Amino acid sequence: MFFKLSEEHEMIRKMVRDFAKNEVEPTAAERDEEERFDRAIFDQMGELGLCGIPWPEEYGGIGGDYLGYVIAVEELSRVCASVGVTLSAHTSLAGWPIFKFGNEEQKQKFLRPMAEGKKIGAYGLTEAGSGSDASNMKTVAKKDGDHYILNGAKIFITNAGDAEIYVVFARTDIEAGYKGVSAFIVEKGTPGFSFGKKEKKLGIRSSPTLEIIFEDCRVPAENLLGNEGDGFKIAMMTLDGGRNGIAAQAVGIAQGALDAATGYAKERKQFGKPIGANQGIGFKLADMATKIEAARLLTYQAAWRESEGMPYGKESAMSKLFAGDIAMEVTTDAVQVFGGYGYTKDYPVERYMRDAKITQIYEGTQEIQRLVISKMLLKD
Ligand code: CAA
């Protein structure tokens, strides 16, 4: 366990905080209202080197680590959780499996432009009939010469539509259960690959969530990630890191809500004094800050373990479980501190509260995190 961030991590935090404040926050409410993804923000993140923080320079990254990456997601989510998850899904869910399981050619062709911020990545696992029960997917991939032919559909895909590179899971062997699942890299524009319904959501409304559809979609065999049958383990290992990105998003959302609530508690006067001077409000702020600090430490610890090459799956599930829950509690309390004003769109706390909810659901529900943690405890 560590307690001090390095100079490099502090530099990333400062750079991302400034960028978030100046370029992301001013349009956050408007993009939420209009459900509008802004590619220009992603492009700017690419120019700053944020789209490939943990990847080596030879693959277009900045040679940082997972702790630097979660700090970036946290700072972005502090002002806009939609931009936070764009970076999280791009890095953890699409970049990571290519970095870890891709061959040299795949890394140069797909990871490099992603890390440079020229292309966006997405991850396609969930289907209408298989959410928590992820291995029960129906999408199939049939070998045909030097191609695989994909048929099926995936739902709730973050970054879909705008992303150019998709890591997709499909069955190459229908009889073999999870051992029959394989992972593919599918490019936008591949014939037979199209987009379906765009979801209208409670929160993270400026992050696009779409269905992706494969109809006799011919994917070059060279786009197979790892070996046939490796897909389910690739999907699970990818989520091990992805969940910590969501924990960072949750910490950022909660911190943003606390910042707003603290400012308001100092300004707003009732009964002749700032409302923060009442213990009913002051103690609430104290509890909010304490929960955030605990969630942040869990999140940083899991990222640090991954950077150090230590096991981190259980720790990531714990950070996402705890941070997701406290984000929901803290943002709900922030709305309460604002009273009636908090319930309106004049202040950002109602957006934070709506955005927090998804952190308890995606990349595995809180119930699935408990399953993952308990399985590992019992295995240990
Ligand atoms: N790392 C490596 N291997 C793993 C693993 C991991 N983290 N988890 C499981 N495995 C392996 C197991 O060891 C086992 O292999 P062996 O038989 O060789 O030991 C194999 O995978 C099957 O494991 P299980 O029997 O545990 O599999 P299961 O079918 O019971 O499922 C589960 C386990 C944890 C419930 C899994 O299905 C799961 O994580 N479900 C939730 C799915 C999820 O998180 N979806 C999120 C979608 S993405 C998203 O939300 C993105 C977004 O919008 C931003």
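1. Basis. Residue numbers start from 1 along each chain, following the sequence as written. The model is predicted, and local features need pLDDT of at least 70, side-chain atom pairs count only at pLDDT 80 or more, and totals for chains, interfaces and linings use all residues.

2. Domains. The domain assignment gives domain 1 (7-120), domain 2 (122-229) and domain 3 (232-378); such bounds come from an automatic or database domain assignment.

3. Secondary structure. Residues 6-118 are 73% helix and 0% strand, with end C-alpha atoms 29 Å apart. Residues 122-217 are 0% helix and 51% strand, and their end C-alpha atoms are 17 Å apart. For residues 229-377 the figures are 77% helix and 3% strand, with 27 Å between the end C-alpha atoms. Helices (H or I, at least four residues) and strands (E, at least two) are DSSP runs, numbered from the N terminus.

4. Domain 2 against domain 3. The centres of these domains, taken over C-alpha atoms, are 30 Å apart. In the contact between them, 14 residues of domain 2 meet ten residues of domain 3; contact requires C-beta atoms, placed from the backbone, within 7 Å. The domain 2 side has ten nonpolar, four polar and no charged residues. Here Ala, Val, Leu, Ile, Met, Phe, Trp, Tyr, Cys and Pro count as nonpolar, Asp, Glu, Lys and Arg as charged, and the others, Gly among them, as polar.

5. Ligand shell. Around the ligand are 25 residues, of which A134, T158, M236, Y362 and G364 come nearest; a residue is near if its C-beta atom, placed from the backbone, lies within 6 Å. By class the shell has 16 nonpolar, six polar and three charged residues. At least two residues each come from α4 (81-101), β3 (147-158), α6 (231-267) and α10 (366-379), and α6 gives the largest share, six residues.

6. Core. The largest nonpolar core has 118 residues, and F184, A254, A261 and A334 have the most contacts inside it. Helix α6 gives the most to this core, with 17 residues. Such a core is a set of buried Ala, Val, Leu, Ile, Met, Phe, Trp, Tyr and Cys residues joined through C-beta atoms within 7 Å. Buried means 20 or more other C-beta atoms, placed from the backbone, within 10 Å of the residue's own, exposed 12 or fewer, and partly exposed in between.

7. L258. This residue lies in helix α6 and counts as buried because it has 23 C-beta neighbours inside 10 Å. Leaving aside neighbours within four places in sequence, L258 is in contact with M288, A289, I292, V330 and A334. L258 and D333, 75 residues apart in sequence, are 8.8 Å apart C-alpha to C-alpha.

8. Positive phi. Most residues other than glycine have a negative phi. N159, in the loop between β3 and β4 (165-171), has a phi near 75 degrees, and N159 is buried, with 27 C-beta neighbours inside 10 Å. D216, in strand β7 (residues 209-220), has a phi of about 45 degrees; D216 is exposed, with 11 other C-beta atoms within 10 Å.

Definitions and conventions:
Two residues are in contact if their C-beta atoms, placed from the backbone, lie within 7 Å.
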